[in-house]
Amino acid sequence: MLKVNEYFDGQVKSIALNNSEGPLTVGVMEVGEYEFSTSKDEEMTVVSGALLVMLPGDASLRTFHKGQSFNVPANSVFQVTVEEQSAYLCRYMD
């Protein structure tokens, strides 16, 4: 069954699924600045738009465009700035 999640007063929405690739979410973000925390290792891929990301240990934002991915370690916090509506795919690693 699909699970719909909503964060930051509806500014970030995702749909969770679990298929042969494992647990995933597909989501969209409205323009804004967000802070996320992780419980598992994550691989995020930008599907549309761009995400400006401050990963743990980084001193500045890095921009990821459509088709680019980045990894976030488990049990960490990272910041995302969105300058235009953007979409992402998040894979959760075990």
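## Exposure and the model

A residue counts as buried under 20% relative accessible area, as exposed over 50%, and as partly exposed in between. Asp-58, with a relative accessible area of 27%, is therefore partly exposed. This model is predicted.

## Salt bridges

Side chains of opposite charge can pair when their charged atoms come close. Four salt bridges are found in the structure.

Asp-58 takes part in one of them, with Arg-62 as its partner. The closest N and O atoms of Asp-58 and Arg-62 are 3.1 Å apart. Arg-62 is partly exposed too, at 39% relative accessible area. Lys-13 pairs with Glu-6, and here the closest N and O atoms lie 3.8 Å apart. Lys-13 is partly exposed, with a relative accessible area of 39%. Glu-6 has 52% relative accessibility and counts as exposed, because the cut-off is over 50%.

Another bridge joins Arg-91 to Glu-43, with 3.5 Å between the closest N and O atoms. This pair links distant parts of the chain. Arg-91 sits in strand S10 (residues 86-93), Glu-43 sits in strand S5 (residues 41-48), and 48 residues separate the two. Relative accessibility is 23% for Arg-91, which counts as partly exposed. Glu-43 is also partly exposed, with a relative accessible area of 22%. Both residues belong to a network of salt bridges that links Glu-21, Glu-43 and Arg-91.

## A nonpolar surface patch

Which residues form a nonpolar patch on the surface? They are Leu-2, Val-4 and Ile-15. Together they have about 310 Å² of accessible area. Val-4 belongs to strand S1 (residues 3-7). Its relative accessible area is 64%, so Val-4 is exposed.

## The largest pocket

Rolling a probe the size of a water molecule over the atoms shows where empty space is left. In this model, the largest pocket holds about 430 Å³ of space. The pocket is lined by 21 residues. Those closest to its centre are Tyr-7, Thr-25, Glu-42, Cys-90 and Tyr-92.

Several strands contribute to the lining. S1, strand S2 (12-19), strand S3 (22-29), strand S4 (32-37), S5 and S10 each supply at least two residues. By class, the lining of the largest pocket has 12 nonpolar residues, seven polar and two charged.

## Loops

Asp-9 lies in the loop between S1 and S2. Asp-9 is exposed, at 80% relative accessible area. Asn-75 counts as exposed, with 66% relative accessibility.

Glu-84 is found in the loop between strand S9 (77-82) and S10. Is Glu-84 exposed or partly exposed? At 46% relative accessibility, Glu-84 counts as partly exposed, because the value falls between the 20% and 50% cut-offs. Glu-84 and Ser-37 are 47 residues apart along the chain, and their C-alpha atoms are separated by 22 Å.

Technical notes. Residues are numbered from 1 along each chain as its sequence is written. This is a predicted model: local features need pLDDT of at least 70, side-chain atom pairs count only at pLDDT 80 or more; totals for chains, interfaces and linings use all residues. Side-chain values use heavy atoms; hydrogens and water are left out. A salt bridge is a side-chain nitrogen of Lys or Arg within 4 Å of a carboxyl oxygen of Asp or Glu. Buried means under 20% relative accessible area, exposed over 50%, partly exposed in between (1.4 Å probe, protein chains only). Helices (H or I, at least four residues) and strands (E, at least two) are DSSP runs, numbered from the N terminus. Patches are made of residues with over 30% relative accessible area and no salt bridge: like charges are joined within 9 Å, nonpolar side chains (Val, Leu, Ile, Met, Phe, Trp, Tyr) within 5 Å. Accessible areas come from the Shrake-Rupley method with a 1.4 Å probe; for residues, only the protein chains shown count as cover. On a 1 Å grid over the protein atoms alone, a cavity is a set of points where a 1.4 Å probe fits but cannot get out, and a pocket is an open set with protein on both sides within 12 Å along at least five of seven lines; lining residues have an atom within 4 Å of a point. Grid points are joined across faces, edges and corners, and a volume is the space filled by probe spheres set on the points. Ala, Val, Leu, Ile, Met, Phe, Trp, Tyr, Cys and Pro count as nonpolar, Asp, Glu, Lys and Arg as charged, and the others, Gly among them, as polar.
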